[in-house]
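Let's walk through how to read a few features of a fold, one at a time. Keep the viewer open while we talk.

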Amino acid sequence: MNDTINRAAAPQGLLALEARVRQDLDYLCLPARPWGPVLMRAGQAVEDVIVIGGGMAGLALGAALHHLGIRVRLLDRSPAGFEGPWATKARMETLRSPKELTGPALGIPSLTFRAWYVAQFGDAAWTALDKIPRLQWADYLRWYRHVLALDVQNQQQVTAVLPQADGVVRVDVLDQTEADRPYVLYARRVVLATGRDGLGGPWVPDWAQNLARERWVHSADVWSGERFRGQRVAVVGAGASAMDVAATALEHGATRVDLLIRRADLPRVNKSKGSGNPGMAHGYWALPDAWKWRLRHYINVQQVPPPRGSTLRVSRHAHAYFHLGTAVQGAHMHTDGTVHLDTNQGPLCTDAVIFSTGFRTNWSLRPEFAAIAPHVRVWKDRYTPPPGEEDAELADSPDLGDLFEFQAKSPEACPGLERVHCFNYAGALSQGAGAGDIPQISDGAQRLARGIAARLLAEDVAFHYDALTRYAEPELQGDEWTPAAFPRL
């Protein structure tokens, strides 16, 4: 009964929460007024910051910049409300993070998912909630954008990011709402808030090229589970997304799902949780290189186990088969149109393959970054790990500066590259989890926003000095006192 009452009152509860958010921002004097000069290029105003990506990271950073009085524009190629993976590519039933994490709330209690949820369903429902349903998280982010009135322009496809030698970055864009009308923007800083596949895309092994394209998908592709109805499916991988896609195929009528898992056993402990503390959130970026590498390499080697609930979602089906210690060594198409996989355990015949093989930095998959890709310094350009700690994923990671900025292999070859910031998963080795993970997203967004504010001030210090000298708002009117004669002895 209480749940029914709370749900009936949900719209009013959410309106009350939105009023509370506005009050909290007012009490904190947020957002600040814009305070920097407006530059002009090619007859148009230069943005302080352009953020490419309007998902969770882009929204958090956009809000943090806006609160500091920095003019920011967010661009996203997806339709409104479908930024990020939550309502498109993600297939988990719930988020994997604990519900208590504050995510992109930026230290403001009324902006948390908990506040949004309780406003609609009540405290008892929150107590009963185990983990956050994926689509409710998507709804929360839509509300976050709405209540903060963030300027996200959707269906805008960035085609080029071009640092200039005169202190701005040119961004070429196609407006997909107007038949791909091309236009140009300029910004003093550009941030790539492009998510898990930020500097590349989904990775598949070379042998995938032997298969007909209609016979395989990646877990990061957009597809419906209906395509696997009545089919045998092989899933390559054993992480969280592997369990999600296997369950999706089973729930949509796949006749058999074989999970092909290289490891002899599934990892049991999520080691990355062991680094979730304020010291890592605020200090990882300043650690010596050797310790950064050692920490990230250890997590990579140990691997993150799939959540218990996601694994049970698969194993409850009688026609799901977990093949441990099974590595695929090759594949080919049979004349009857089926897929034959060659494994170290023997051959397997199936109708379709789902790759849950993660992402890799691969600039060739991101033509919009072609102008900067050859010039970005990566870790293998300057760091050699100790024997036994070799790691190709880490070696290809961009070697970022203190403020998530790209650094050039040869500074003279790409002037202005340092004005482009990498606020996505590819920055994890240099900067830690603050560039994309729910637990530290506010910490990363606020550190980047404050750092950009500091650099804008330094660049414009002469302007601000001039503004200081011209400031003439009087505190005293001259009638607040009467001059007295000095006493004579």
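**Reading the sheet and its helices**

Q: How many strands form the open sheet, and in which order?
A: Strands pair if DSSP finds at least two bridges between them. Here 5 strands make an open sheet, ordered β10-β17-β11-β12-β13, with parallel pairing. Its edge strands, each pairing on one side only, are β10 (216–218) and β13 (320–324). From one strand to the next, the twist averages 20°. One caution: this is a predicted model, where local features need pLDDT of at least 70 and side-chain atom pairs count only at pLDDT 80 or more, while totals for chains, interfaces and linings use all residues. Residues are numbered from 1 along each chain as its sequence is written, and side-chain values use heavy atoms, with hydrogens and water left out.

Q: Over how many bridges do β11 and β17 pair?
A: Strands β11 (residues 232–236) and β17 (residues 352–355) pair in the parallel sense over 4 bridges. Val235, for one, has Ile354 of β17 as its bridge partner.

Q: Which helix packs on this sheet?
A: Contact means heavy atoms within 4.5 Å. Helix α7 (residues 240–251) packs there, touching β11, β12 (256–261), β13 and β17, and its direction makes about 165° with that of β12.

Q: How do α7 and α10 cross?
A: Two packed helices are described by the angle between their axes and the distance between the axes. The axes are lines fitted to C-alpha atoms, for helices over the stretch in contact, with angles from 0 to 180 degrees between N-to-C directions. For α7 and helix α10 (residues 308–315), the axes come within 8 Å and cross at roughly 35°. Among the residues making that contact are Met243 and Asp244 of α7, and Arg313 and Val314 of α10.

Q: At what angle do α3 and α13 pack?
A: Helix α3 (residues 56–67) and helix α13 (residues 441–459) pack at about 45°, with axes 8 Å apart. That makes α3 oblique to α13; angles under 35 degrees count as roughly parallel, over 145 as roughly antiparallel, 65 to 115 as roughly perpendicular and the rest as oblique. The contact includes Met56 and Leu61 of α3, along with Ile441 and Gln446 of α13.

Q: Is Val184 buried, exposed or partly exposed?
A: Buried means under 20% relative accessible area, exposed over 50%, and partly exposed in between (1.4 Å probe, protein chains only). With a relative accessible area of 23%, Val184 is partly exposed. Val184 sits in strand β8 (residues 181–192).

Key. Helix = DSSP H or I, 4+ residues; strand = E, 2+ residues; numbered from the N terminus.
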